[in-house]
Every structure is written in structure tokens, then in C-alpha cells.
Amino acid sequence: MDRRLFLSATTTCLLGALASAEAEEKKPADEAGFISLGDKPKTVKVLIIATYNDANHGMNFNGHFKGRAVYTIPTGWTVEVQFKNASPVPHSVVVVEEEKTRKMQVGDPYWDGASSPDPTVAIAKQAKFTFVADESGDYAFVCGFPTHCLAGHWLGLEISDEAKAPVYTVDGEEPVEAK
Ligand SMILES: [Cu+2]
């Protein structure tokens, strides 16, 4: 191999290794940014970013899709959602029962107002909404733009009578507690 080529290949390889080591280290802190305690008691802030990276062709929230990241929130807590979509592709977020993730159109939010505005049109680049999770069960934060949810654009939302504090769990790893 040409020496210059070899060097550049080695450098690329090293940089790649460094970048992935850095990504590993940063992971807990990064994930913690997606869940935090609100200003009032029994209030949790949830940050949902559409097309956070290229995963699932951009049809992801916070870099995850198909429910591989799950928010677990105690029943009765108030959930303040902040939604952002920096991508030119339309995306939205709607809270629905988890079984709706298998539908082409996900329909209305389970709780009144628990979605970004006009979720099927999905032109809002950012939105804030609040709902009270007053009923336990398996729900999901889904993208309401037609077909996206079916393509995997959703995260899990478990409203739990047993949970003591809100947590965010990615790929079954150690849950990150809201602080
Ligand atoms: Cu979407």
C-alpha cells in the first residue's frame, strides 16, 4: 500500500475509534437531557427531538425508534412535552395508546391536547404541550405524519402505578432518572 494512503487509512480508523469511544462516554449525560423534573411537584419535562440523527432514515425521536426508548412516568403526574423538528421533512408528536402504533393513521391524542399542533400536517418546527397522565397503561409518543409511525417513528410511554419517579430507558439499559 502507498505510504500516504496507509497513513490516511490509519488516521481515519483511529479517529473513528476515538469518536465511538467518546459517544460511549457521553451516552448517560446525553440521555439525561431528554427527561428532567419540572418546577412544580409531580411534574416531568420530556424533550422529544424528531430526526435527532440518521437512525431509521431520520424517522426517530432522540435517535431511537420502534419503542426502543421508553419513558416511564408515575400515574397522576403532569407531563410537559417540548417537541423540536430541525429536519426539512414534516414530523410531529402525538400521545396515543401503544396498540395504535400498528395503524397507518394514529388518530387523535389519548389525552386532550397531547400533541403538537395539526400532527398529520406536521409543519410546526417546535411545540410545547402539557397533559396529566391520570390513567395507567402502555402508550406511545408517535409521529402523526401519515405512515411514519408504522415505519417505526415512535417511542414508548408507560404510565405506571408502581413507578416512584419518572425514568427514561434506552434499549433496556440502566434507566435514567429525571433530576
Ligand atoms: Cu415522522
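Tutor: This is a predicted model, in which local features need pLDDT of at least 70, side-chain atom pairs count only at pLDDT 80 or more, and totals for chains, interfaces and linings use all residues. Residues are numbered from 1 along each chain as its sequence is written.

Student: Which residues does Leu-155 contact, leaving aside neighbours within four places in sequence?

Tutor: Two residues are in contact if their C-beta atoms, placed from the backbone, lie within 7 Å. Leaving aside those neighbours, the contacts of Leu-155 are Phe-61, His-64, Gly-67, Ala-69, Val-70, Tyr-71, Ala-140 and Phe-141.

Student: Which residues touch the most other members of the largest nonpolar core?

Tutor: A nonpolar core is a set of buried Ala, Val, Leu, Ile, Met, Phe, Trp, Tyr and Cys residues joined through C-beta atoms within 7 Å. The largest one has 44 residues, and those touching the most other members are Phe-141, Val-142 and Leu-155.

Student: Which element gives the most to this core?

Tutor: Strands are DSSP runs (E, at least two residues), numbered from the N terminus. Elements giving two or more residues include β7 (137–142) and β8 (154–160). The most, five residues, comes from β2.

Student: Is Asn-60 buried or exposed?

Tutor: A residue is buried if 20 or more other C-beta atoms, placed from the backbone, lie within 10 Å of its own, exposed if 12 or fewer, and partly exposed in between. Asn-60 lies in the loop between β2 and β3. Because Asn-60 has 25 C-beta neighbours inside 10 Å, it counts as buried.

Note on methods
Helices (H or I, at least four residues) and strands (E, at least two) are DSSP runs, numbered from the N terminus.
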